[in-house]
Amino acid sequence: MLRYELKKILAGKGNRIALFLLVVFWGVSCYCAVTDIDVNFTDGQGKSGYGYFAAQKLREAQKAWMGPLTEETVAAVIEKNARIIATPEYNADDAARSNIAYGWMQDYRDIRNIINCAFCEFRTYDYYRINSLTPADAADFYPNRLAALKTWLDTEAKDLYSDEEKAFFIDHYENMKTPLYYTWKQGWESLLEHAAMPQMFLVLTLSFVAAGLFAGEFSNRADAVFFTACHGRGKAIKAKIGAGVLFVTGAYWIVWGAYSLFVLGTLGADGASCMIQTGLGGWKSFYNISYGQLYLLASFGGYAGALFFLFLTMLVSAWSRSATVAVTVPFVLIFLPSVLDNLGSDWMSKLTGLLPDQLFQMDLAVRYFNLYCVGGRLMGALPILFTVYTALALLCLPVCYRVFRRAGIGR
Amino acid sequence: MELRLEHVTKRFLDLTAVSDVSTVLDNGVYGLLGVNGAGKTTLMRMLCTLIRPTAGRILWEGEDIFEMNMRYRKLLGYLPQDFGFYPDFCAQDYLMYIASIKGLRPAVAKARVEELLHRVGLYQVRQKKMKKFSGGMKRRVGIAQAVLNDPKLLILDEPTSGLDPKERIRFRNLIGELSQDRIVLLSTHIVSDVANVAKGIFLMKDGKICHEGSMEKILREAPVKVWCCRVSGKEADACLNRYQVANFKTDDQGCELRILSEEKPTADAIEETPTLEDVFLYYFGEKAGNEDAAL
């Protein structure tokens, strides 16, 4: 039964087109990740390149700074930067010459980014901030992170959080172990930054498959034979659900695994134990986790998201008996947050932080300063997202079974 | 083996599709005849547990079929009027899939599917996608799936609709072969489909079974006489207005009419033995022969 249900999925022309599109989108996602702006390498003549070879050269160049990101290292970076900005190449109006100077800076580019973060106000970023620093400022590198947070909480965000919530943030900031360890991590950074692409494409393309799983019986007018069969209101429905679970699971891990292998294979897999605070996006995060841990969150978050979106699509398909209605569900749920975000209120930001699309954007989710109180305990969005949507996804299956079973007997 | 219907009624909002039907069926082929909207499909869908009666009971060997649930469906074979399938499946895969949901073990299913593909003449094209099949071929697959589990109750809703004469003859022969040791209920609005094979006939009108019994009984009880006469073209028009005309044939000498009437329509009219088609026309009048609806 299960075998034929899977065969039904794979035999359909529409489903084959969806799978073909999935492969295309996978390729696009991989291309975008490995040609990320941060993976460019500028040579001695000021010419830039992207991809595998650029990554190799960049890694080689950045090797000099690998290790604990101590006060001395930060001072050395500031010092080197001061030397470069004093060169005629850096100050040249000619783009080619200025690119040469940029090439000299790329070995400490990552560290420069977080130095800029550390010496700017909490909600601002100034790319040239490092230029006005002296090696003596390096001593404030880590303390500034906490100080900027405290200042922000006492001023701009004064009324946004309760005292307990403010204490929660400060506590997490203080718990970050210093000095951070810096190493090449571009593979993980690019992979995670573009993770939403393959995951969302997967959900959107597979939603066409999931939408037809139950509704297909009605649109093909095969429901009468199906429901009058001995197992038509029992095992056969379970086989359908089983096929859905297997298909979604298989497709997700194949696509995500292939994407991860391709990106890490191209850009390098080192840096899994590096803390996300060593990156521009993660510097302010209150989640004290490594890139490897964030990757696991993104992997299982994406899986939970795919299960939720596609099981919900299956449920709507069984309930509405229409693939067209069912297929709109993931589209609406994925694009709705961007509409709500435009409303711009803090309350709305808190709400959108809990919408299921966040499961595909772990890289962003760890940067948000949203706190929720559950059972008297304060927590970020991640534990809630994982618990709620995994539970809802699993709940969809028995409901789907009951709804489709009922569809077999008209009243 | 006994299928008993007790005061079965089905209402859809303000429409009564099936009204107080009571009857008993045992081994053999039964024809359910009726026109468009008579309630045949609704009745059959209730017999297949696809819809529940609003009132009344349907019993198999004394047990309510809805309570029997899976045990009843194990005995059931059904070919719906609008037989649907999976267009990208080949005939063999389709039948293997249906065999699996009918609970046949794979080894048994394989042998049974092969046997039935031979029997319905589709073995040579078993690997061809069903969307490429002709209407008749699809219908044959439909019949094969209905009998896959060797059902004790076989329900065929308009099985010959859309078939050409050759396919219909093939189908009638197949029904004859399948009719042993089971109840076959066959709905149609094509009288000749059941005239020669049915043990019992139900005439259904406005949701009720208005007449039932063997063909002989129905013919005997029909209060109608059949006349054959030859008239001129002008007289033929008058007859058409005045009588129910079962057949109208024109040739060089004028028109030959088959008329249903209590009285002798013309002086030289000759009385003939009524056929089931005549009786069907008599009871259902001008509606007879319309395309059936899915009511």
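Figure 1. The structure is a predicted model. The side chain of B:Asp88 forms a salt bridge with that of B:Lys131, with an N to O distance of 2.8 Å. B:Asp88 belongs to the loop between β6 (76–79) and α4 (91–101) of chain B, and B:Lys131 to the loop between α5 (106–119) and α6 (135–147) of chain B, so the bridge ties together parts 43 residues apart in sequence. B:Lys131 is partly exposed, at 41% relative accessibility.

**Figure 2. Salt bridge of B:Arg230 and B:Asp251.** The closest N and O atoms of B:Arg230 and B:Asp251 are 3.0 Å apart, and the two residues form a salt bridge. B:Arg230 lies in strand β11 (residues 226–231) of chain B and B:Asp251 in strand β12 (residues 244–251) of chain B; the pair therefore ties together parts that are 21 residues apart in sequence. B:Arg230 counts as partly exposed, with 34% relative accessibility. B:Asp251 is likewise partly exposed, its value being 30%.

**Figure 3. Surroundings of B:Asn27.** B:Asn27 is placed in the loop between β2 (15–25) and β3 (28–34) of chain B. With a relative accessible area of 29%, B:Asn27 is partly exposed. When neighbours within four places in sequence are left aside, the residues in contact with B:Asn27 are B:Met1, B:Asp181, B:Arg182, B:Ile183 and B:Lys199. Of these contacts, B:Met1 is 26 residues from B:Asn27 in sequence, and the C-alpha to C-alpha distance between B:Met1 and B:Asn27 is 6.6 Å.

**Figure 4. Salt bridge of A:Asp270 and A:Arg59.** The side chains of A:Asp270 and A:Arg59 meet in a salt bridge with an N to O distance of 2.7 Å. This pair links distant parts of the chain, 211 residues apart: A:Asp270 sits in the loop between α13 (235–267) and α14 (291–320) of chain A, and A:Arg59 in helix α3 (residues 52–62) of chain A. A:Asp270 is partly exposed, at 29% relative accessibility, whereas A:Arg59 is buried, with a relative accessible area of 19%.

**Figure 5. Salt-bridge network in chain A.** A network of salt bridges links A:Glu5, A:Lys8, A:Glu217 and A:Lys240. Over all chains, the structure holds 27 salt bridges.

**Figure 6. Interface of domain 1 and domain 2 of chain A.** In the domain assignment of chain A, domain 1 comprises 2–36 + 186–407 and domain 2 comprises 67–144. The C-alpha centres of these two domains of chain A are 39 Å apart. Contact is made by seven residues of domain 1 of chain A with twelve residues of domain 2 of chain A. About 830 Å² is buried between the two domains of chain A, and carbon and sulfur atoms give 70% of this area. A:Leu280, A:Trp283 and A:Lys284 account for 71% of the area that domain 1 of chain A buries against domain 2 of chain A, more than any other three residues. On the side of domain 1 of chain A that touches domain 2 of chain A, the residues divide into three nonpolar, three polar and one charged. Across this interface of chain A there are zero salt bridges, and one residue pair is in polar contact, both residues being at pLDDT 80 or more.

Technical notes: Residues are numbered from 1 along each chain as its sequence is written. Chains are lettered from A and ligands numbered from 1 in the order in which they are written. Side-chain values use heavy atoms; hydrogens and water are left out. Helices (H or I, at least four residues) and strands (E, at least two) are DSSP runs, numbered from the N terminus. Buried means under 20% relative accessible area, exposed over 50%, partly exposed in between (1.4 Å probe, protein chains only). Contact means heavy atoms within 4.5 Å. Domain bounds come from an automatic or database domain assignment. Buried area is the accessible area (1.4 Å probe) that two parts lose on being put together, summed over both. A salt bridge is a side-chain nitrogen of Lys or Arg within 4 Å of a carboxyl oxygen of Asp or Glu. A polar contact is a pair of N or O atoms within 3.5 Å; within protein, one must be able to donate a hydrogen and the other to accept it, and residues adjacent in sequence count only if both atoms are side-chain atoms. Ala, Val, Leu, Ile, Met, Phe, Trp, Tyr, Cys and Pro count as nonpolar, Asp, Glu, Lys and Arg as charged, and the others, Gly among them, as polar.
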